[in-house]
Amino acid sequence: MKGGVLNSKVYIFSPCVARALFPDILIETKRVIELLGFESIIDRKATCCGQMFFNNGMWSEAKTLAKKFVRLFCDAPLVVAPTWSCVEMVRQHYGEILDDPGLVREWESLRTRVFEITEFIAKRCSIASWGGELKAKAVFHYSCHMPKDEKTRQEIQDLFGGIRGLEVFFPPSEHCCGFGGSFFAFMGAVSEAIGEERLKRLEHDKFDFIVSSEPGCMMHLLSLPEKDARLVHTVQILSEALRSHKVEPLVVPLIEIEGKGVPHSDFYERAKKASCDVALRQKIVYALDHAVEARRKAIQRLGNYEFLKTKVKETREMSVAEMQSLWHVAQRALEQKGIKVHFACDSEEAKKLAVEIAKSCKARLVVKGKSMTSEEVGVREALIETHAEVVETDLGEFIVTLRGERASHLVAPALHLSRRDVQETFERLGFSLDSDDPQCLAEFARAYLRKKFLSAEMGVFGVNVVCAQEGILLTVTNEGNGRLCITLPKVVVGICGLEKIVPSLRHACDILRVLPVNATGQTMTSYVTFLGGVGGGHDGREVHLIVVDNGRTRIAKDATMRPILSCIRCGACSNVCPVYRVIGGHAYGAVYSGPMGIMWTLALYGVEKNADLLDACTLCGECSKVCPAGIDIARIIRLLRGKVFQNKKALRLAYFALKGTTRFRLAMGLYRFSAKNATRLVEKTMRALGIRRRFMPLPRKIQTHEYLRNEKPLDSIPLSLTKDMVHSDENNGAFSPQSMGNDDVLGLFTRMFTQAGGEEMTFQEILKLTAGKVVVCDEKTVPSRVIKALSGNGAKTVHGLEGAKEATFGLTGCKALVAETGSVLLGESSLFESLLPEVHIVIALKRQFVETLDVALDGFRENIGCLVTGPSRTADIEKRLILGMHGPKRVILCVLEANDGQAD
Ligand code: SF4
């Protein structure tokens, strides 16, 4: 036993990857632990924590290895591993697979004694800053399983901060590198593409090396073809800083195995093709980076996001549990207000219903808003078969439909296209366009689609939320196309899945507060339309709602799948998914893509039939972390993997080898020998096992324990560690969310309204702005003295739908001004005036300011209303923000003073 900081025994758990490939990591871990004054023992009987099998749904195999781990280490005072992923497996997941009460008790005690090495140094030994010297410039790679809290990050930064001469850059980005355990082997090409993106993002060429705490990530990055990544493990830095002051990057011998003509699944081939398309990758990554950054900023602005997220999770779970009874309430409430509710048990029935409605109103032209449920059931195709012209009106959907493609993202359907692609697509309509500037392209689409809106007989729109108690349908859009689809045609048809129900408008407000934040990085989308009746300026207007089951009732009864019904279709999970980021949406080959797409496709169309999609996941867990509905997507994918027999041959072989130390050594030796002497045979075997990696690593010749036997005595290291150490302060780095502050309602409104792109003007300025222009006025909400003053000042005032078509300015009052989101709540009478002209002017009174959405909507009784937050907008072409896509380019608020509009 050595003297030092603490006297105790530390058992080192050596992960299988480190044991086979990186014995240096184990040696340095042992050194570092002994430098801290502990006696260290590398347990030679431990082989694998079972994570690979747990992640692939082989829970009985994972359980055997978990039992072995607990039995081996239950008496160990402390267990340390040079990897976060195995530590996470032991601490977080053993509870899910162990069932023996005695072992569970042992595990509960053991999990508090298992540490990752840097965590052990910082938390268990309370060492805040390491000592020594190492002249190098490095960049840090955060692994997926490393805790992402500020405190852990800071601890690692501080540890390195104490090493003289060492500069470590900690990038804010924390994307997965594409290792993902078996993903590395089964999805080789995609894994490589993700790895390349990761290296690019780390800008590894600018640094001496990349530092990582994860042997798996290191193995993967070192196996990338034609990449020269230099990697060192955290423990190498810590050890060498105190010893030799230089560090050698790790190397892995490789064997090239992937040849031509390997029979793979269709999905794999599509994914491989997409991931090799570097231009496509660039477009997707650019768009998604934008979305992720916008979301991050929006959450920061909110301050109370975690609280809102918890509320949404509760609301969605409760609504899904009560789905059937809530629909009874909703149906009654909606039908009382004249909205016809149709339930469709499957897609055939849904299509039939849409076709019948179209035929009954003799619809020759149908304008359609974005609706993933209608894509799911194929409403557009069904309507086309009735010889109706069906026009998608969301800019992104309009573009992809013209190209005969599907949306490649839930929220941004055309994110895979460049402006040039869009220009070419529009030229297919027979128009010649002078420019590929997104502004010009959007203006062309606006003019083209406006004519369609004004002459359509039927509108189809997606419903985001149905409020049961009040009988109100909510539709959320940014462009205003949803509003136009709902308000202009005489017959309108909403489509939604059975799961889109919530008990009341108050619960809908919970969803409204997080949906835009996650979907587009806005506090509120430009338009939220509330449809609660058949009014809306038309005689003989018909409003229908088609509620699609299509398997949802069955899903609700399945404990594994039920959580997916909580999905609010924000797309945030796709934005952070490392696989989606390199293959895009089309490679999934289904209506829904990305992590939520995997779940929905399997739930709706069968697990076995679509099992290949389960490979499209590294289990990095980012999707589960960002999901505002609290869906643990990674867990669902793990559970589903357990239901299918995908790739099990290779895993069974791996399990056989990992069950015992001797077997593991023999297997590694046999693999190494065969790889060198019978390459073709190894290649054939790998292909037969479903391994699709171009380069596979070869295990090291010297096994860990032999290496340890031959190493120099540890006490020959010349150092004095404790003198350089600083003990940490437990209270440092506590994270406190930003507070929203104490703005008064008016001040808060102004801040939020201008943030959303709104402008404020005095009445005098409005008079000047509208002089000589055509202004359509909503006489029901704008005081007559205001309209008279405008006319008196030279404005031509007009009224109604016909007036709105020709006017440049639309003048409306409002129901309320919502400070929380900077929104203007409009009633039924203001719809055309606030939507068709290029500029919308809101005339308000001071008493109309309210603090929250709930207060504004309390007792909302209009047939149709809209929450307007800033101008109409789109970012569907290369993420360039364009204002005035379908609705006004400007929204101006004028709060009337007592004598405004009075004659002088
Ligand atoms: S699964 Fe979660 S993150 Fe993904 S789209 Fe649905 S709600 Fe959004």
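## Reading a predicted model, feature by feature

Mentor: Start with one residue. Phe444 lies in helix α22. Keep in mind that this is a predicted model.

Trainee: Is Phe444 buried or exposed?

Mentor: The general idea comes first. In soluble globular proteins, nonpolar side chains tend to be buried together. Now the case here. Buried means under 20% relative accessible area. Phe444 has 13% relative accessibility, so Phe444 counts as buried.

Trainee: Which residues is Phe444 in contact with, leaving aside neighbours within four places in sequence?

Mentor: There are Phe426, Leu429, Phe431 and Leu433. Take Leu433. Leu433 and Phe444 are eleven residues apart in sequence, and their C-alpha atoms are 8.5 Å apart.

Trainee: Phe426 brings us to helix α21. Which residues of that helix are buried?

Mentor: Helix α21 spans residues 419-427. Its buried residues are Asp421, Val422, Gln423, Thr425 and Phe426.

Trainee: What covers the buried residues of α21?

Mentor: The cover includes α14 (278-302), α20 (395-402) and α22 (438-455). Recall that α22 is the helix that holds Phe444.

Trainee: Gln423 is on that buried list. How far apart in space are Gln423 and Gly338?

Mentor: From C-alpha to C-alpha, 43 Å. In sequence they are 85 residues apart.

Trainee: Where does Gly338 lie?

Mentor: In the loop between α16 (323-336) and β11 (340-344). Gly338 has a relative accessibility of 34%, so it counts as partly exposed. Setting aside residues up to four places away in sequence, Gly338 touches Val534 and Val543.

Trainee: Next, backbone angles. What is phi of Lys362?

Mentor: The general idea again: most residues other than glycine have a negative phi, and most peptide bonds are trans. Lys362 has a phi near 55 degrees, a positive value in a residue other than glycine. Leu619 also has a positive phi, near 60 degrees.

Trainee: Where are the places of Lys362 and Leu619?

Mentor: Lys362 sits in the loop between α17 (347-360) and β12 (365-368). The loop of Leu619 runs between α28 (594-605) and α29 (622-626).

Trainee: Which of the two is exposed, and which is buried?

Mentor: Lys362 is exposed, at a relative accessible area of 65%. Leu619 is buried, at 5%.

Trainee: Now the cores. Which residues have the most contacts inside the largest nonpolar core?

Mentor: Phe22, Tyr94 and Phe160. That core has 111 residues. Helix α5 (residues 84-97) gives the most to it, with seven residues. Apart from this core lies another, of 82 residues, with Ala468, Ile564, Cys573 and Cys627 among them.

Trainee: What is Tyr94 in contact with, beyond its neighbours within four places in sequence?

Mentor: The contacts are Cys49, Leu65, Ala66, Phe69, Val70, Met89 and Trp107.

Trainee: Step back to the protein chain. How many helices and strands are there?

Mentor: The protein chain has 39 helices and 34 strands. Its radius of gyration is 31 Å, close to the 29 Å that the globule rule gives for 904 residues, so it is as compact as a globular protein of that length. The C-alpha atoms fill a box of roughly 95 × 60 × 60 Å along the principal axes.

Trainee: What share of the residues is buried?

Mentor: Of the 904 residues, 62% are buried. Contacts tell another part of the story. Among contacts with a separation of 6 or more, 79% join residues 24 or more positions apart.

Trainee: And the charges: how many side chains are positive and how many negative?

Mentor: The protein chain has 119 positive and 108 negative side chains. The centres of the two sets lie 4 Å apart.

Terms used:
Residues numbered from 1 in each chain as written. Predicted model: local features only at pLDDT ≥ 70, side-chain atom pairs only at ≥ 80, totals over all residues. Heavy atoms only, no water. Helix = DSSP H or I, 4+ residues; strand = E, 2+ residues; numbered from the N terminus. Rg over C-alpha atoms; globule rule 2.2 N^0.38 Å. Buried < 20%, exposed > 50% of the residue type's maximum accessible area, 1.4 Å probe, protein only. Contact = heavy atoms within 4.5 Å. Lys, Arg positive; Asp, Glu negative; His and termini not counted. Charge placed at Lys NZ, Arg CZ, Asp CG, Glu CD. Core = buried A, V, L, I, M, F, W, Y, C linked by side-chain atoms within 4.5 Å.
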